[in-house]
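Welcome, and please take a moment with the sequence and the model before reading on.

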Amino acid sequence: QVQLVESGGGLVQAGGSLRVSCVASGGTFFTDRMGWFRQAPGKEREFVAALTWRGGSTSYADSVKGRFTISKDNGKNTVYLQMNSLKPEDTAVYYCAARQMGTSSYDYWGQGTQVTVSS
């Protein structure tokens, strides 16, 4: 079992920056990939960014490329999402998720943290 706890959400003006964090505990030894997803009101949850837990290779949704950066600190079992040049359309609940080795889906999810971007 992997437990994920997000923090760092809040209210920011358009053009501003925010960093959200996700601390993982439990079966992180078997973690293959960590990802950030978001869900805006009335919309489906969507992929934002991901990285491989050991290698650190990253991937991003087109809508956030060049503005968001995903990173990790293995020693702290923490994944970060640095969000710059925020737009009102970035407003959503941001979720951290973990995918284990040998699986093709994210099986563990955090409780989410609200990010609100005002215009």
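Arg 67 is buried, with a relative accessible area of 11%. Through salt bridges with shared partners, Arg 67 belongs to one network with Arg 38, Glu 46 and Asp 90. Please keep in mind that this is a predicted model.

**Inside the network**

- Asp 90 and Arg 67 form a salt bridge in which the closest N and O atoms are 2.8 Å apart.
- Asp 90 sits in the loop between β8 and β9, while Arg 67 sits in the loop between β6 (58–60) and β7, so this pair ties together parts that are 23 residues apart in sequence.
- Asp 90 counts as buried because its relative accessibility is 1%, under the 20% cut-off.
- Asp 90 also forms a salt bridge with Arg 38, and here the closest N and O atoms are 2.9 Å apart.
- This second pair links distant parts of the chain, with Asp 90 in the loop between β8 and β9 and Arg 38 in strand β4, 52 residues apart.
- Arg 38 has a further salt bridge, to the side chain of Glu 46 (2.6 Å, N to O).
- Are these two partners buried or exposed? Arg 38 is buried at 6% relative accessibility, whereas Glu 46 is partly exposed at 35%.
- The whole structure holds five salt bridges.

**Strand β9 and its partners**

- Strand β9 covers residues 92–100, and eight of its nine residues are buried.
- Strand β4 (residues 31–39) runs antiparallel to β9, and eight bridges join the two; in one of these pairings, Phe 37 has Tyr 95 of β9 as its bridge partner.
- β11 (residues 113–118) is also antiparallel to β9, joined to it by three bridges, and Ala 92 has Val 115 of β11 as its bridge partner.
- Two bridges pair β9 with strand β10 (residues 108–109), again in the antiparallel sense; Ala 98 has Tyr 108 as its partner in β10.

**Arg 99, a residue of β9**

- Arg 99 lies in strand β9 and counts as buried because its relative accessibility is 18%, under the 20% cut-off.
- Which residues does Arg 99 contact, leaving aside its neighbours within four places in sequence? They are Thr 31, Asp 32, Arg 33, Ser 104, Ser 105 and Tyr 106.

- Phe 29, Phe 30 and Met 101 make a nonpolar surface patch of about 350 Å².
- Phe 29 is found in the loop between β3 and β4.
- Phe 29 counts as exposed because its relative accessible area is 58%, over the 50% cut-off.

How values were computed
Residues are numbered from 1 along each chain as its sequence is written. This is a predicted model: local features need pLDDT of at least 70, side-chain atom pairs count only at pLDDT 80 or more; totals for chains, interfaces and linings use all residues. Side-chain values use heavy atoms; hydrogens and water are left out. Helices (H or I, at least four residues) and strands (E, at least two) are DSSP runs, numbered from the N terminus. Buried means under 20% relative accessible area, exposed over 50%, partly exposed in between (1.4 Å probe, protein chains only). Contact means heavy atoms within 4.5 Å. Two strands pair if DSSP finds at least two bridges between them. Patches are made of residues with over 30% relative accessible area and no salt bridge: like charges are joined within 9 Å, nonpolar side chains (Val, Leu, Ile, Met, Phe, Trp, Tyr) within 5 Å. Accessible areas come from the Shrake-Rupley method with a 1.4 Å probe; for residues, only the protein chains shown count as cover. A salt bridge is a side-chain nitrogen of Lys or Arg within 4 Å of a carboxyl oxygen of Asp or Glu.
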